[in-house]
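Here are my notes on the model you sent. Please read them with the structure open.

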Amino acid sequence: MRLKTYDAIIVGGGHNGLVTACYLQKAGLDVLVVEKNDWVGGAAVSRSLTPGFLYSNCSYVCSLFRPEIMRDLELPKHGLQVLPYEGGAVLTRDGDYLANYREHYPHQREIARFSKKDAEAYDRYARDVTRQCRFIQPLLMRTAPDPFSFKPRDIQELLFLARKFGEMSAHDLAQTIRFWTMSISDFLDEYFETDVLKAFLAISGIIGTALGPKSPGTAYVLLHHYMGEVDGSVGAWGFARGGMGAISKALAASFQASGGTIRTGADVQQVLTRQGRACGVVLANGEEIRGKMVVSNADVKRTFLKLVAPSDLPDRFLNRVRNFKMRGSSGKVNIALDSLPDFPALPANSPCTKGDLHFTDSIERMERAYDDWKAERWSADPMIDLMIPTRIDPTMAPPGKHFMSCFTQYCPPKVEGRDWTDQDRDAFAESVISQIAAYSPGFRDRIIHMEVRTPRELEAEVGLTEGNIFQGELTFDQILFNRPVPGYAQYRSPIEGLYICGSSTHPGGGVMGAPGRNAAAEILRDLKLSPKEMSAAHDVL
Amino acid sequence: MTMNASVLKALQTHIDQPIAETPFEPRFDALSRYPDWYVWAGYKAAHSLGDVEAEYTALRNAAGVFDVTPMNKYRITGADAERFLNYLTVRDVRKLAVDRVHYTCWCNDFGHVIDDGTLFRLGADDFRLCCQDKQYDWLTDAAFGFEVAIEEETHHVAGLALQGPTSCRILKNMGFIGVEQLKPFQIARYSLGEGTVTVSRTGFTGDLGYELWVENGLALPLWDQLFEAGALHGIRAVGYQALNQCRIEAAFIVPNADFMTASHVLRPDRARLPDEIGLDWLVDPDKPNFNGKRAILSAQAKGTAKHVLVGLEIEGNVPAEGAIIYHRQKREAGIVTAGIWSPTAKRNIALASLDRPFGTTVTEDLWAEIYALCEGRYHKLMKRVKIVPRPFLKLDRRTTTPPADF
């Protein structure tokens, strides 16, 4: 029997892999997605691990996913709906809290409880961060220029960047450079005096990053969490109805509707090359699948250090890949609750629990939590990004019962130099549960089921090297034309016909879909196909 | 729970009442014949009480009462108060006598206007700044190195604007002896029950009028006595729509409507120098250094201001709010920021921001493209506009002292 040759094989059915697959299939290619798990979605999944409950057991909230992609790929038709947060809060050790309200004036009055000055400074802060977002947003859906190339398109893209810089005054330019390089703690100090407010805002600067709030570069990480939107509301976050798997499910349905093929339970062990050109993949069971090209949704380390023979790659390139920072820094505790937890500090009828809850009320505590990570321990007093999506979404748990997602930092990839053990994992979970229980009496009694994921589980189950949720940290040295490797920031690799489309590439992690879309655009360009089904990026007016 | 936390708990009224109410709210609520509210700086405020025309007429024919409580109010006191405010604002505060008010504006380091407002000199070292935007953050930052205390009074001091030809008569009926001798921008104090009403001959209508300031506790007694005193003099509560017509006739500008405040703009090119929004007359180049001075004077010297605020008279009677202004019906020259048919001047008037040289050296052959939505269809009108002096309406009674009696 003659082996079928696909036009493209996508290694890994994460959201970016599926986005690339959709666009290629729509452009007329015959595309196969191979996924090692028995389900697609990578880190954007909804898993039923206990009867009646769905867990967004990896990524858990949505903002960055590009609306252009939702529209091009008809994701709403395939079930995607995003539900905006209605509130949020940090509970403080003195029994109070700082709430986050969506309405401008109540929010201002909430901050004014702590500081009148901060309440007003918040507008200035929001303006400045939004200005930075407006600068970076148009870059998301464009391939980063290669500054070492003299191709007309790269020069044109460099000019685009230069023009964007040129629109700024010298002062704004200086501000931008400062913002990209400073620590989130220093940045917030320029606006605010209230510890708890700074702690609340600093969270976005450290999520998914093996840096503390006082580490330079964390202000940019904050930006990465603000440049999304929910239906035009820039910086807003929401829940995918039915969990984050709803995004992958919609992508898979869209892909299949346009004729694409998905194979689950198919673990790629190797990318096949012939005369320096990718020509297929080999699965764990030895099966070979042929393809005219291979697109890897796996992270850059997994792709080039595990799936490709080193002899096929240039030495310096490999060196850069080995040194790409992809350090695990977080863990995840997913909990099924038989009733809504009570937080006595929060006022009755407050919308605070319909968004993100936290217990880290100062930058100092957050930095201490990071100190534990540096010593290769999980934080004794962790920073938790706690959500109860079922406060808004009725589809993830039986009525009256709730799913709670606890994203937790910091969690090292190795524990004091050794691998994680089950005992470590349980002790990590206990640090999370005991922190929540300190603010929510009777919390432990409400737990029906719990899934605990340390970097060990994230690497083994999802395939993220070291459990890094962004497939590589989002620091200034690892973005734009330096992501993942200078000279290879345009979704191509040193091997002809092998592309990368995951979050290791520009513009990086978070469930954004932009890397997948940009990769598809580059591939279609190489094939001299026009990406008809790809609408222009939305204007930033 | 610590003491601090219990104080914080007491400040949670916004949970049950997300929009604040001024002390006059019960009176407005009782008079409102039609629910037409909006949110002004976090407070519930009336667009109208049901009859904009009657409210406008009261302002120009008798007396209208508008609640100015949501206006942000800051009390600035201390040995350096004058020196600080002279550094903060563009006008010379040394020339502002005690018990006088002046209109002013303040700018950031680039000379871009942060806000405009009225500065009340209540004593040698005692000032009140009234303005549209929140300024506590800016004021406290700017006060570095000055011996001043800055206190926000927005939520403690209630204010009413009493505007119109019979306003002086009404205050006399209140027993405010000598109020007719108050000159424009002058301040006087009168007792009311246990407390004091601060009266300033100021307003936003370009008409005879006063603003009355009291501690919150005196607000309702003030209202009740005022309406009793005005019963035979046509006193009427008014909402913002009527006031807005008057202020356009008077060519007063509104921050974040006729210009965008420097502290809010996302697009840096939207910020404006005083010279670009008709406030150049406030800038005093001879006074000691003030924030933004270098940038403002350098723009004047180099002629780099890009925009200009103008008053327009537009053909026909269709209000031109939001219209694009064209030169020779082709080249875009600016935008109308506020426009109405003026009931008193009987002209179609507008404030517009033009891109220089339009409005400065090029003043002819300007047109407004007006889209009038009528029963589901746009009438697209191209109307000739003429640059005219501001204000559009000049009323002698605004400045005559003592005002005519009624």
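Predicted model: local features only at pLDDT ≥ 70, side-chain atom pairs only at ≥ 80, totals over all residues.

The points below take up a sheet, a helix, the chain contact, a loop residue, a hairpin and some salt bridges.

1. Every value below is computed from it.

2. The open sheet of chain A. Five strands of chain A make up an open sheet, ordered 10-3-2-14-20, with parallel pairing. Strand 10 (261-263) and strand 20 (498-500) of chain A are the edges. Each has a single partner strand, so one side of each lacks a neighbour in the sheet. From one strand to the next the twist averages 20°.

3. Inside that sheet. Strand 2 (residues 8-11) and strand 3 (residues 31-34) of chain A pair in parallel over four bridges. Ile9(A) has Leu32(A) as its bridge partner in strand 3 of chain A. Helix 11 (residues 300-307) of chain A packs on the sheet. Helix 11 of chain A touches strand 2, strand 14 (294-296) and strand 20 of chain A. The directions of helix 11 and strand 20 of chain A make an angle of about 150°.

4. Helix 10 of chain B. Which residues of helix 10 (residues 293-302) of chain B are buried? They are Lys293(B), Ile296(B) and Ala299(B). Viewed down the axis of helix 10 of chain B, the buried residues fall within an arc of 145°, so they line one face of the helix. The general rule is that an α-helix has 3.6 residues a turn, so residues three or four places apart point the same way. On the other side of helix 10 of chain B, Arg294(B), Ala301(B) and Lys302(B) are exposed. The cover over the buried residues of helix 10 of chain B includes strand 5 (100-107) of chain B. Gly303(B) follows helix 10 of chain B, and its phi is positive, near 65°.

5. The contact between chains. Here 33 residues of chain B are in contact with 28 residues of chain A. About 2,700 Å² is buried between chain B and chain A, and carbon and sulfur atoms give 53% of that area. In chain B, His14(B), Asp137(B) and Leu266(B) lose the most area to chain A. Together these residues account for 23% of what the chain B side buries. Four salt bridges are counted between chain B and chain A. Asp141(B) forms a salt bridge with Lys117(A), with the closest N and O atoms 2.9 Å apart.

6. Ile392(A). Where does Ile392(A) lie? Ile392(A) is in the loop between strand 17 (383-387) and strand 18 (402-409) of chain A. Neighbours within four places in sequence aside, Ile392(A) is in contact with Leu83(A), Pro84(A), Tyr85(A), Glu86(A), Phe239(A) and Lys354(A). Ile392(A) and Ala536(A) are 144 residues apart in sequence, and their C-alpha atoms are 32 Å apart in space.

7. Strand 15 of chain B and its partners. Strand 15 (residues 324-327) of chain B runs antiparallel to strand 16 (residues 331-342) of chain B, and four bridges join them. Four bridges also join strand 15 to strand 18 (residues 366-374) of chain B, again antiparallel. Ile325(B) has a bridge partner in each: Gly334(B) in strand 16 of chain B, and Ala368(B) in strand 18 of chain B. The hairpin of strands 15 and 16 of chain B has three residues between the strands, and Arg328(B) there takes a positive phi near 55°.

8. Salt bridges within chain A. The count over all chains is 66 salt bridges. Arg263(A) and Glu287(A) form one of them, at 2.8 Å from N to O. Arg263(A) is in strand 10 of chain A, while Glu287(A) is in the loop between strand 12 (277-283) and strand 13 (288-291) of chain A, 24 residues apart. Arg263(A) is partly exposed at 29% relative accessibility.

9. Salt bridges within chain B. Asp224(B) forms a salt bridge with Arg27(B), with the closest N and O atoms 2.8 Å apart. Asp224(B) lies in helix 8 (residues 219-229) and Arg27(B) in helix 3 (residues 25-31) of chain B, so the pair ties together parts 197 residues apart in sequence. Arg75(B) forms a salt bridge with Glu153(B), with the closest N and O atoms 2.9 Å apart. Arg75(B) is partly exposed, with a relative accessible area of 21%. Glu153(B) is buried because its relative accessible area is 6%, under the 20% cut-off.

Key. Residues numbered from 1 in each chain as written. Chains lettered and ligands numbered in written order. Heavy atoms only, no water. Pairing = 2+ DSSP bridges. Helix = DSSP H or I, 4+ residues; strand = E, 2+ residues; numbered from the N terminus. Axes fitted to C-alpha atoms, helices over the stretch in contact; angles between N-to-C directions. Contact = heavy atoms within 4.5 Å. Buried < 20%, exposed > 50% of the residue type's maximum accessible area, 1.4 Å probe, protein only. Arc of directions from axis to C-beta. Buried area = accessible area lost by both parts, 1.4 Å probe. Salt bridge = Lys/Arg side-chain N within 4 Å of Asp/Glu carboxyl O.
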